[in-house]
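Subject: Structure handover

Hello,

Please find the structure below. My notes on what was found in it follow.

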Amino acid sequence: MKKLMMVVLATAVLAGCKTSPTGRTQIALYSDQQMSQMGQASFAEMKKTQPINSDPKVNAYVKCIADDVISVLPREYAQQAWEVVVFEEDSANAFALPGGYIGVHTGLLKVAVNRDQLATVLGHEVAHVIAEHSNERVSQNSLIQTGLQVGGAALDIGNVQYRGEIMQALGLGAQFGVVLPFSRSHESEADIVGLDLMAKAGFNPEQSVSLWQNMSAAGSSGTPEFMSTHPAPGNRIKELQKHMPTALKAQQAAKAQGRNPQCKL
């Protein structure tokens, strides 16, 4: 039984291998349709349970920036319909979901103080979608659960002493050794892909550094980086600065093509 489960697991991994926009190998076991259905269901639930901002100026401003970023996405994403909703929520956050859904918290507008900084965040969040990070995370969780089931079955068969303690240790190992590092990898990848997107849309990529400095000043967690799902602010800024020359060239090319964002609040 254990061997059969391992064969199934290995086959699933091989079948689901893909390459991310930055060339990183990733596992995506679910179809685009399945991920879109998950995104649609999640967004619908959020709209039911969270208050929605009704200020026309705020909504027009956010949608204007989102539309500019969406316009430079790969064709299959740029051509689909995107729903943009501003939620009344104090946290400085935003998200994008498979299927074409973007949510922005009003608290973010106090930290992303201009259109370029908000474009940084929206580019980052949409980058998660086009890089299929949600698919990768769901696939990863499925594989972890299967792996833990295999480990549990092996311990049961062998009548291993301290089975509970060993399974707990396996769970912690999966959390800190697999889940969190992948999350940091996703965040770092979304930073770079998002920087490229906002620059191609004509926004100022240098404002991305200011944005993350604002985020840090607004109240960063004291959690060590190895236990966090996000890169440390200093490391994040260093990576953005490293890629800034390329982003600035992309912005110059966008300006030459007439891309000059005019979104105002």
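Contact here means heavy atoms within 4.5 Å. Among contacts in the protein between residues at least 6 apart in sequence, 73% join residues at least 24 apart.

This is a predicted model, in which local features need pLDDT of at least 70 and side-chain atom pairs count only at pLDDT 80 or more, while totals for chains, interfaces and linings use all residues. Residues are numbered from 1 along each chain as its sequence is written, and side-chain values use heavy atoms, with hydrogens and water left out.

Overall, the protein has 10 helices and 5 strands (DSSP runs numbered from the N terminus, H or I of at least four residues for helices, E of at least two for strands).

An open sheet is formed by 3 strands in the order 3-5-4, with mixed pairing (two strands pair if DSSP finds at least two bridges between them). Strand 3 (83-87) and strand 4 (94-97) are at the edges with a single partner strand each, so one side of each has no neighbour in the sheet. On average, neighbouring strands are turned by 15° against each other, direction ignored (axes are lines fitted to C-alpha atoms, for helices over the stretch in contact, and angles run from 0 to 180 degrees between N-to-C directions). Strand 4 and strand 5 (residues 101-105) run antiparallel and are joined by 4 bridges; Leu97 stands opposite Tyr101 in strand 5.

Helix 2 (residues 32-49) lies across strands 3, 4 and 5, at about 35° to strand 3. Helix 3 (residues 56-70) lies across strand 3 and strand 5, at about 140° to strand 3.

Two residues

Thr106 sits in the loop between strand 5 and helix 5 (115-130). Thr106 is buried, at 14% relative accessible area. Beyond its neighbours within four places in sequence, its contacts include Asn53 and Val86. A polar atom of the Thr106 side chain lies 3.1 Å from the backbone oxygen of Glu89.

Ala199 belongs to helix 7 (residues 163-200) and is buried, with 0% relative accessibility. Its C-alpha atom is 8.3 Å from that of Lys249, 50 residues away along the chain.

Regards

Technical notes:
Buried < 20%, exposed > 50% of the residue type's maximum accessible area, 1.4 Å probe, protein only. Polar contact = N/O pair within 3.5 Å; in protein donor to acceptor, adjacent residues only side chain to side chain.
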